[in-house]
Amino acid sequence: MGTSHFVIPTAVLLFLAVGAPVESFELPVHGFVEVAGGMRLGNDPVQPKDAVLGEGRVQLQYAHEWEKGPKVFVKADFLGDAANEALRAELREGYLDYAPMANLELRLGRQILTWGTGDFLFINDIFPKDYISFFIGRQPQYLKLPSDAAKVSLFLPRVSLDLVAIPSFTPDNVLTGERLSFFDGLSNRIVGKDANLTLTKPKRIPGNTEFAGRLSGEVGSYELALYGFKGFFKSPLGVKDLARPELFYPELAVYGASVRGPALEGIGNLEVGYSDSLDDRAGANPLVENSSVKYLLGYERQLWTDFTLGGQYYVEQMLHFRRFEASRPAGGAHRDEFRHLLTLRLTQLLRHQTVELSLFVFYSPSDEDFYFRPAVSYKLTDQLTAVMGANIFGGRRASTAFGQLDRNDNIYLRLTYSF
Amino acid sequence: MKKRNVVLVVAACVSLLSLCPPLATAQTSSAEEIIRRSHLAEYYPGDDMKARVLMRLVSKEGKERLREFTMLRKDLQEGGEQRYFIYFHRPPDVREMTFMVWKYPQKNADRWLFIPALKLVRRIAADDKRSSFVGSDFSYEDVSGRSVEEDTHRLLREEALGGKEAYVIESVPKNLAGSDFGRKVAWIDKRALIPLKEEYFDKRGDLGKVFSADEVKEIQGFWTITKRTMQDVQTGHRTEAIFQDVRYNLGLPESLFSERYLRNPPPEAIR
């Protein structure tokens, strides 16, 4: 986009340099200024650059609320991206909140939508994700992509109902060879900058509006929820034609439930979801992802002062597996009926919670692959935070979720000034 | 039903005792009774409460960090279940974060944290007794209270502290392994029944943390510690907390303490 976008970050930095020492001054606008850099560890022959992350970012947010009236909220990012040699402005959130009745709320516009009980694992949260940001060391908030949507929330004494309509489809930001190399199932090899994929989004017509809903309530200390979704896979899990590298987003419906609450001196959660692949309900079409059932069991507990341990066991069961096997083209990547995935989260806070040591591990015994996310964060002052971390991938086979990322191991550093 | 009766009896005793303070002073009932009344005076004044709290975390080297938040409390029963709601104003990286606690007298509290950048409500698996509140020298327990029944209390003596007559009471955890301290000595103001000073000793018997009520004001008829300090004698770190704009009996609705308002707190509640 235009260089004019860079005028704003520069102005903000100047303003901060002058205004920051004035402690009691209330800024009308909040946000942060950040510089971040990340490098590939080792060499990837299909990627010309070693830098996976190199950016200066300013995030600004502004809210205005009328007494007993609507509220507007805007959050925008302005970034100079050295790794991609681009200047960009992104509207992260921009919505209007309005409550026409005491127990009814509307949120209209660009918003981050999320629900469910998983920790970096999503069963009933079929809202768009940015896995590239996640893999290269951006702040965790960038895993979530905004949706342009209308949300209605109804609050009754014992239950709440959220209904969301998303008229314009936003896909996940998935591996396309830009920055990170990945396994291309069509050419059966690891591709990077040389990838040649066409991703076709669903047409922007009223009939393609996506719908999501959640009914939630509490029983004692336990939170229960039912979920429903009708729309499209957020990742391009359909192939138009085997001869051409053109992928699309098949139709999807998801029904699920979750419970979360105290268990064994900690917090436990259980979530299930049935993904109904509407473009291939019989599971006979090898070009479209099959239906599946996903199960998640999670537990988190504080073991000692400022140390928390979390673990999850996740299983994805492909339905109509025999038909998938029977229709799998010769040389097509192997898949299991059951994909087992374990995660581990360790967090230790030190020095009055100004230092955080953390490790998140994904490990799949069935895919035989792993992903380690170690990080150290240090709050130098109330405003300034430095984070250093790494993303380490590996596996036995190049075709699995984390195995394909083997050559993308990277380390990163972020310095963030919040105001 | 039984628990409720006990609560009623205790409440009746407390109101009787507070009606005739000289009698109470003369009889000095049991140490546990004093602690029970002190617990109510410190953590249950009014039916609800709102305050803007400024915490200064000061390291041994004098380096300062600030935490500023609005705190709301509602009691469901006097001496029983409570709801807390905290909205952070500062530091900037946690601004707009909200924190909700449903506190029960006999079991672990339920805690939720809303992270606005992620639009995510997390359930917190923290242990009351061992967790520092936002990195300060105060534990969660110091902020919302520790059950009277968890310790054995003994009246050591009565003496004046800073010109105020006080009971000096020693409290020893019944379950040492599940506690962060080995012994506590508290100076309880005979008139206001709030602690003026507390010394926490570690399990080896060494002095660990010292609490002091630096400023006490009567607000709407309730004695309120408006300025307090918790000092970690062993590390030299200390936290000062100033309670501003304290108000009681605002008539906060119970529905405020819900996921709905955790995600979207009403502006008048957090100002």
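**Notes on the model**

1. Across the interface, 29 residues of chain A are in contact with 24 residues of chain B, two residues being in contact if their C-beta atoms, placed from the backbone, lie within 7 Å. On the side of chain B that touches chain A, strand 2 (64-75) and strand 6 (120-123) each supply at least two residues. By class, this side of chain B has nine charged (Asp, Glu, Lys and Arg), 10 nonpolar (Ala, Val, Leu, Ile, Met, Phe, Trp, Tyr, Cys and Pro) and five polar residues (the others, Gly among them).

2. This is a predicted model, in which local features need pLDDT of at least 70 and side-chain atom pairs count only at pLDDT 80 or more, while totals for chains, interfaces and linings use all residues. Residues are numbered from 1 along each chain as its sequence is written, and chains are lettered from A, with ligands numbered from 1, in the order in which they are written.

3. Chain A contains 23 strands and three helices; these are DSSP runs, numbered from the N terminus, of E (at least two residues) for strands and of H or I (at least four) for helices. The C-alpha atoms of chain A fill a box of roughly 70 × 55 × 50 Å along the principal axes.

4. L96(A) belongs to strand 4 (residues 86-101) of chain A. L96(A) counts as exposed because it has 12 C-beta neighbours inside 10 Å, the cut-off for exposed being 12 or fewer, for buried 20 or more, with partly exposed in between. Beyond its neighbours within four places in sequence, L96(A) is in contact with P70(A), V72(A), L108(A) and G109(A).
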